[in-house]
Amino acid sequence: MRAAIITSSDSGYAGEREDLSGPVIRELLEENGYEVVHSILLPDDRKMLAKEMARIADEGVAELLLTTGGTGFSPRDCMPEATADIVERPAPGIPEAIRAYSMTITPRAMLSRAAAGIRKSTLIINLPGSPKAVRESLEYILPALGHGLEILTGTASDCAGK
């Protein structure tokens with residue numbers, strides 16, 4: 001499966017801060033057999049983020065699109081809203097599972113506003129902004145994602161009995 005990564009960070013986009021979470025996502029995806037075909041760092045701009053997510057899905061760039069950053073309470077954090085602007089079908093169980101698991105690590109996990117959904121044949125998932133939280137979240141959900149992506153793309157042979 002092909003994957004794309006979007007990092008949302010005003011300071012990263014301005015060159016004032018290094019993106020540490022995007023490389024963690026790439027590392028874990030590649031370790032799990034995904035081909036990372038696109039990676040970009042954008043500012044916390046709802047329209048820019050939505051446009052790039054829609055482009056990736058509409059052009060069939062990747063079956064999995066993971067975002068990092070922009071899911072907190074800062075006035076500039078807008079990744080969940082940008083995601084909601086472009087998804088055709090929400091997938092709330094994924095961020096709910098991430099939050100439930102993360103709550104076993106830190107009560108601050110309840111502050112995540114992350115979202116997930118499907119546009120065309122692309123699954124979009126918002127991940128946290130910190131490298132540690134990205135690693136914990138992605139390691140938790142990756143084992144189940146493969147099956148969901150197979151169903152989404154029509155490559156699963158049989159769901160019954162599993």
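In helix H5, Ile94, Ala97, Ile98, Tyr101 and Ser102 meet Glu136, Ser137, Tyr140, Ile141 and Leu145 of helix H6. By class, this contact of H5 with H6 has seven nonpolar, two polar and one charged residues. The model is predicted.

**Helices H5 and H6**

- H5 spans residues 93-103, and H6 spans residues 131-153.
- Their axes lie 10 Å apart, at an angle of about 135°.
- The crossing of H5 and H6 is right-handed.

**Helices H3 and H4**

- H3 (residues 46-58) packs against H4 (residues 79-86) at an angle of about 45°, and the axes are 8 Å apart.
- That angle makes H3 oblique to H4.
- H3 passes H4 in a right-handed crossing.
- On the H3 side, the contact involves Arg46, Leu49, Ala50, Met53 and Ala54.
- On the H4 side, Met79, Glu81, Ala82, Thr83, Asp85 and Ile86 take part.
- The residues of the H3 contact with H4 divide into seven nonpolar, one polar and three charged.

**Threonine 7**

- Threonine 7 sits in strand S1, which covers residues 2-8.
- Its relative accessible area is 5%, so threonine 7 is buried; the cut-off for buried is under 20%.
- The side chain of threonine 7 makes a polar contact with the side chain of aspartate 19, at 2.9 Å.
- Not counting residues up to four places away in sequence, threonine 7 touches Asp19, Gly22, Ile40, Leu41, Leu42 and Thr68.

**Threonine 68**

- Threonine 68 belongs to strand S3, residues 64-68.
- Threonine 68 counts as buried because its relative accessibility is 1%.
- The side chain of threonine 68 reaches the backbone oxygen of proline 128 at 2.6 Å.
- Leaving aside neighbours within four places in sequence, the contacts of threonine 68 include Ile6, Thr7 and Ser8.
- Ser21, Gly22 and Ile25 are also among the contacts of threonine 68.
- Further contacts of threonine 68 are Leu127, Pro128, Gly129 and Val134.
- Threonine 68 and tyrosine 13 are 55 residues apart along the chain, and their C-alpha atoms are separated by 13 Å.

Terms used: Residues numbered from 1 in each chain as written. Predicted model: local features only at pLDDT ≥ 70, side-chain atom pairs only at ≥ 80, totals over all residues. Heavy atoms only, no water. Helix = DSSP H or I, 4+ residues; strand = E, 2+ residues; numbered from the N terminus. Buried < 20%, exposed > 50% of the residue type's maximum accessible area, 1.4 Å probe, protein only. Polar contact = N/O pair within 3.5 Å; in protein donor to acceptor, adjacent residues only side chain to side chain. Contact = heavy atoms within 4.5 Å. Axes fitted to C-alpha atoms, helices over the stretch in contact; angles between N-to-C directions. Parallel < 35°, antiparallel > 145°, perpendicular 65-115°, else oblique. Left-handed = near helix turned anticlockwise from the far one by under 90°. Nonpolar A, V, L, I, M, F, W, Y, C, P; charged D, E, K, R; others polar.
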